[in-house]
Amino acid sequence: MRKCSAAFYFTLGFISLCTTEATTGSCNCNNLALLKDKCNNTEVDISHLLGVYDLTCFIRYKKNNRGYICVWKNGDLSTSYTLYAQQRKCTCVPVHEDNATGWASNDFSVISLTMTAHVIATSEDQSRCTYKNFSGNSSQLTRCGPPSEQDLTFKRSSGHLSVEVDWREEILKKKHIKTFSVKYRELNTTMWKEQKSKNNSFAMWNVTSSLSYELQIHCVRNAQCMQCPLSEVITVPQELTDAPSIQWEIQDHMQNPVISAGQRKVVVMWKYANSEAVADYNVTVRKVSGDRGTQDSFKTKDLSLTLILSYSAYNINVVALNNVGSSPVSSIAIEQMDEWRDLFGLFSVNITRNNSFSLSWNSSVSSVCYAVEWWAKGQIPAFQSFYAKQAYREITETKRIFQPYTRYYFFLHNRTYMDTCNLKNVNNSEMTYGTAQAYFSEGSPISAPRNVSILNITQHSSVITWSPVSEEDLRGFLLGYKIYYTEDYNEISFKVDPSINCFELLNLESNSAYHVQLSAFTAAGEGERSDFKHFVTNPPEFTALSSIIAAVIVGIIIFLLAVHISCRLLHRAKKLMWPSIPNPENSNAVQKIEIGYELGILEPMNRQRLEESEGCDSSTVYVVERKREVTPLSSPHIFKAGVKSTFLLLSEDEDSPFILEEITPPDTPTQVPPRDLPMDFGKTDSTSSTSVVNDITNLESKDSGETVSNMTRSDFIPASQPAVVFMSDYTTMEIFQQVTMSGIQGPSIQTAKAEFVPVHPGQDYIRQSYFASNRQSNNPSGACNGAEVLSPEITVL
């Protein structure tokens with residue numbers, strides 16, 4: 001009976017233990033001994049999978065109270081835990097999972113000096129369990145810390161590292177923990193260093209900015225903090241010493257049709273050299289005018305941000321962040337669009353007083369919330385938002401005073417938020433309606449256009465260029481430029497459009513001097529003139545056709561000179577490299593030898609032909625007859641008294657009759673002065689023949705006073721010339737022919753000078769006449785025109 005009741009109570013106790021996981025209150029701890037034996041004697045050892053590890057309990061201060069907390073690590077197969085806390089009595093304490101430790105109990109009050117905790121881990125099928133317990137004295141279980149990473153604040157700057165710890169419990173921080181200690185080392189090293197804090201702040205100096213550090217923090221033990229465990233290893237990243245590098249792209253609705261008119265798409269991109277040390281990037285977008293939205297800061301882990309902005313000016317800042325601080329700020333400025341655009345219609349501004357202005361725009365715009373910005377060059381824009389249903393608004397009592405002769409710029413924006421018309425979100429919250437410019441009062445320009453230059457000067461034109469007047473000196477809206485140019489004290493002026501900065505002067509006189517001045521003018525009048533610019537037009541020049549003709553002529557002359565010089569050079573080169581070799585067959589000596597033999601053979605035929613001829617057909621033959629003795633070859637010819645000499649002269653005129661002259665020498669023999677043989681054999685025979693004829697003519701004039709008339713040529717050989725003298729290039733052959741002819745025919749053979757051998761078609765006739773005259777020397781009827789023909793020495797001309 002007792003055995004049955006014991007088994008019943010054991011089963012009941014086990015069930016009650018398994019079902020008190022989240023219950024509180026008193027529990028029956030009488031069966032703990034049985035449960036302990038049961039769980040420690042499990043048939044299969046699965047303590048490495050099912051169990052409780054690192055069970056510990058401690059007292060932690062919480063404001064004015066203190067309580068126990070038990071923590072442990074769980075096994076893989078454990079699904080439920082039961083905690084029994086035994087002080088004066090046994091109680092069941094609720095437990096829960098804790099991310100830091102694994103499992104932890106709820107706080108339970110400290111009742112006695114000693115405390116024992118029992119933890120039973122049960123498997124899912126309730127068939128297996130394990131048991132662990134912890135005992136301690138409350139005076140030794142007081143614990144302070146350790147702090148978690150969320151309780152720590154790190155800051156790094158300029159080689160300085162500071163640590164601040166929030167111990168969570170304010171009373172504990174003020175009363176119990178006076179100081180704490182920090183163990184630190186460089187990342188990836190093994191040697192730790194430790195340093196205590198002063199009060200509740202800690203600082204390390206002379207740390208390397210580019211290195212990361214590992215830290216462990218614990219409190220310093222005292223009577224109130226008997227346990228000061230180390231915190232987990234916390235990594236402190238390196239200091240962010242460099243600013244991000246920024247790039248950006250801007251597109252408006254003209255470049256990207258997806259974008260609405262009056263807005264711009266701004267894509268901001270950045271990079272950081274050591275991106276591993278960066279946790280986040282913070283991007284701040286604000287209008288230059290100071291019109292701040294409720295959301296103008298964006299935190300992101302990306303390396304780019306896309307914004308939809310109006311045409312206003314913006315400042316964009318990018319900062320890299322980590323848990324020890326931030327990098328230097330990198331900023332860019334997005335300038336306002338200064339193009340003159342009325343996107344939806346007319347937008348005009350009229351400055352009515354020095355502190356007020358009026359706006360008017362197209363009434364078709366549906367928006368009722370607007371904002372206006374205005375500024376002068378070099379000023380920060382001012383702004384004002386307003387609500388208006390009409391297309392007109394007057395802004396009065398502005399803080400800024402409008403100055404005369406100063407240009408002001410105006411932007412009008414419409415907004416989508418109709419409740420307050422304020423800029424709620426700087427990104428994609430407003431759209432620029434239009435831009436305008438206005439003056440409170442205008443004045444005339446106080447300076448002239450700058451950098452006036454005269455370019456491209458030609459014969460009848462020139463180009464004038466200049467730089468516009470600065471906005472400060474213009475003092476009004478530019479309406480145009482006035483150009484003055486003077487020639488011979490006559491000044492001419494005309495106006496040009498304000499949008500141009502160059503002009504071409506036409507119809508100028510060539511080779512003339514001109515003086516040019518420029519000025520700008522506004523609605524208030526004309527401004528200062530520029531200094532004189534002088535230039536002279538070009539003189540007349542050759543036309544293109546004249547230049548082409550001159551170039552062609554010069555080219556032809558150069559070509560002819562080149563051809564002439566080339567021919568001369570080729571001719572000279574030919575003589576040097578391929579000299580001419582004379583052909584003896586074509587020499588005068590060989591021809592004379594052939595003529596001598598032909599005359600002997602053809603003498604009968606020639607005589608017969610001469611008798612039958614009725615007159616001289618082709619030329620006139622003059623025969624001069626004289627008698628002489630044979631003289632030696634080397635002796636000069638001597639005229640003797642009483643000896644007649646007959647000369648036969650040929651005339652190329654066919655109509656001229658034969659003229660026969662007889663020359664009777666004087667009674668006293670006269671010896672003709674000897675003539676030396678010419679040394680220059682290349683000399684022409686005409687000179688020698690002329691001199692001989694002159695001698696004979698003079699001789700006839702002395703003896704008979706008669707002159708040979710009808711002499712058409714002077715190139716015949718007088719009888720006084722030695723028979724052996726030949727004017728030819730082949731002197732040796734001629735001497736040979738002379739000797740040969742003398743040996744064959746004797747002294748009676750007559751010689752003919754080689755230079756006078758006929759080469760024209762009538763030479764056969766002349767040869768026939770020569771032989772006929774020899775055979776009919778006593779028959780005058782055989783001569784031309786009945787003239788007496790003697791037996792003279794005949795020279796053929």
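**Disulfides and a sheet**

Modeller: Cysteine 219 and cysteine 228 are both buried, where buried means under 20% relative accessible area, exposed means over 50% and partly exposed lies in between, with a 1.4 Å probe and protein chains only. Please note that this is a predicted model, in which local features need pLDDT of at least 70, side-chain atom pairs count only at pLDDT 80 or more, and totals for chains, interfaces and linings use all residues. Residues are numbered from 1 along each chain as its sequence is written, and side-chain values use heavy atoms, with hydrogens and water left out.

Colleague: How far apart are the sulfur atoms of cysteine 219 and cysteine 228?

Modeller: They are 2.1 Å apart, and the two residues form a disulfide, meaning a pair of cysteine sulfur atoms within 2.5 Å. The link is left-handed, with -95° about the S-S bond.

Colleague: How many disulfides are there in the whole structure?

Modeller: A search finds 4. One of them joins cysteine 57 and cysteine 70, with 1.9 Å between the sulfur atoms. Cysteine 57 belongs to strand E1 (residues 52-62) and cysteine 70 to strand E2 (residues 65-74), so this pair ties together parts that are 13 residues apart in sequence. Strands (E, at least two residues) are DSSP runs, numbered from the N terminus.

Colleague: Is the link of cysteine 57 and cysteine 70 left-handed or right-handed?

Modeller: That link is right-handed, at 110° about the S-S bond. Cysteine 57 is buried at 0% relative accessibility, and cysteine 70 is buried with a relative accessible area of 0%.

Colleague: Which residue is joined to cysteine 369?

Modeller: Cysteine 421 is its disulfide partner, with an S to S distance of 2.0 Å. The link is left-handed, with -65° about the S-S bond. Cysteine 369 lies in strand E28 (residues 369-376) and cysteine 421 in the loop between strand E31 (407-415) and strand E32 (430-439), so the pair ties together parts that are 52 residues apart in sequence. Both cysteine 369 and cysteine 421 are buried.

Colleague: Now the sheet. What is the strand order in the open sheet of 3 strands?

Modeller: The order is E26-E27-E30, with antiparallel pairing; two strands pair if DSSP finds at least two bridges between them. Strand E26 (347-353) and strand E30 (392-395) are at the edges with a single partner strand each, so one side of each has no neighbour in the sheet.

Colleague: How many bridges join strand E27 to E30?

Modeller: There are 4 bridges between strand E27 (residues 356-361) and E30. Phenylalanine 357 stands opposite isoleucine 395 in E30.
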